There are 2 protein chains.
Amino acid sequence: MHAQFKPDHIPKQSPKHVWPFIKKLGFLQQLSQEEISQLRKLHEKTAVFEKYQEILNPRDTQGQWLIVNRGWACRYTDLSNGSRQVINYYLPGDIINLPALNVSKTNYAISSITPMHVSKFKPDTLQNLFALHPKLESLYDLIHGNEENLLVEQVVRIGRRSAYERTAHLLLELYHRLKVVGQTVDNTYSMPLTQGLLADTLGMSFVHMNRTLHKLRSDNLIAIQSEKISLLDLDKLAEIAEYQNAGFVALTKES
Amino acid sequence: MHAQFKPDHIPKQSPKHVWPFIKKLGFLQQLSQEEISQLRKLHEKTAVFEKYQEILNPRDTQGQWLIVNRGWACRYTDLSNGSRQVINYYLPGDIINLPALNVSKTNYAISSITPMHVSKFKPDTLQNLFALHPKLESLYDLIHGNEENLLVEQVVRIGRRSAYERTAHLLLELYHRLKVVGQTVDNTYSMPLTQGLLADTLGMSFVHMNRTLHKLRSDNLIAIQSEKISLLDLDKLAEIAEYQNAGFVALTKES
DNA sequence: CGCTAGGTTGAATACGCTCAAAGATCGTGG
DNA sequence: CCACGATCTTTGAGCGTATTCAACCTAGCG
């Protein structure tokens, strides 16, 4: 059990446990007790992955969906010249939609980055849920749209931003996504990515990644200690990165 | 009426007209006459856009979906420093899913590139269709997955490929997507993108775009005359770009 | 205590950008 | 029908950001 997971270390099956996925939906829209207990049905079967374990394995994951409860994963492509591009990250509260991946041929893989806890469920569980609770279906559409927005942001980030801006932008995105599921404390979160992985995400060399992080530090915008990163000036970072929180926008916030 | 549209110039309402969208689905899986006539219902209401006209206008497009019948469009983001990033293109046979865009806040816009013909339909038309024809629903899931794959490819392309590779890769993607809807002839297709737009797609300057295209030409890999582009050596291009046709893979090809 | 993975730093190089200016193409209006 | 303007393309030259190569440092783990 690694240090970075302590804040989330709550007994797994406790009825008081709020699953990150439910927390995320609750952030988007107020949920009734009935809806929450319905959503708990998606969490009945859990599983565990080790650090750096392959998750996308088209052979044996047919018809299984995963919800990330703890830990990070990522989707990536390895190129023949030895370089790697990380497409996106899966954080607690995110759905990893394996069947959709199987539907069409994929050029990418999914792997855990840290040890992970996930919930597994079958697609028809979701179908049944939506049939009874249309509101949950619209919420699902919403997070699905947000996911696509994240991909779009990744394109813009890599395509038209400087290394400095890219880095600020990604760190902000991670911050906002983690905040929704309660994994930030005082603008600080645990960031289990190596500089190599960050570089592979932002399309740059790990040497330059290192230098860019240094510049952000010397500009007093971020602070890093072991796996904890602190965003020291959210406004300034957002200004530099031209960051708009597209990845997580609530439809109607009726809290 | 522009020259590049002549090959597609068929009377609009002719019963023999095969809509690109239907052609695309038919490429993925053999369609029955019944299914084809069902899909025609999506094409009952058509509309037209001018060249460089804004399509995504969150105010007035609620609940409308578009199918591209003719012409090209793209989704893009303008940054405050004056640069632009094109996210993806919409070609004949593609669906532009406007409601999904409205569901969550977007940082991007959609605009036509050429004059366009589109079909408009309401989301519940699609719902009704799927209720009666599950096979069509699974086909829709498939093209939806393919769309996401294209976005993923765009990330990899921009993130980890050289200008030369990127360009080859994009030209191949456009070729394969157009081929499915019958808009290629002998490895040639009409490519209405300016070098500036191509550059904004691939995250490079238009000057370097120009030089890269020249290199591809002098390497005898492509030929360009006005708006026609020919891919002279598909295999070599694919090898250079490490291209795998992820954007369009059939589930079961039972022809 | 030594190995391995990750982080840091320097120096040389290269890929792609910016600035600038000159052609080409096309639509439009005189 | 030609001339003009606007947009797009082409080419040159200098510059800058990011890469590569290489070495060394650090921390964690067996």
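Start with the surface near DNA strand D: α8(B) gives the largest share, six residues. This is a predicted model, in which local features need pLDDT of at least 70, side-chain atom pairs count only at pLDDT 80 or more, and totals for chains, interfaces and linings use all residues. Residues are numbered from 1 along each chain as its sequence is written, while chains are lettered from A and ligands numbered from 1 in the order in which they are written.

Some terms. Helices (H or I, at least four residues) and strands (E, at least two) are DSSP runs, numbered from the N terminus. "Near" means a C-beta atom, placed from the backbone, within 6 Å of the molecule or strand.

How many residues surround DNA strand D? There are 16, and A:M204, A:S205, A:V207, A:H208 and B:Q195 are the closest. Two or more residues each come from α8 (206-218) of chain A, and from α7 (195-202) and α8 (206-218) of chain B.

Now DNA strand C. It has 14 residues around it, with B:M204 and B:H208 among the nearest. Here α8(A) gives the most, four residues.

Last, the chains. In chain B, 31 residues are in contact (C-beta atoms, placed from the backbone, within 7 Å) with 31 residues of chain A. On that side of chain B, β4 (84-90), α3 (98-103) and α5 (134-160) each supply at least two residues. The most come from α5(B), with 13 residues.

Key
Two residues are in contact if their C-beta atoms, placed from the backbone, lie within 7 Å.
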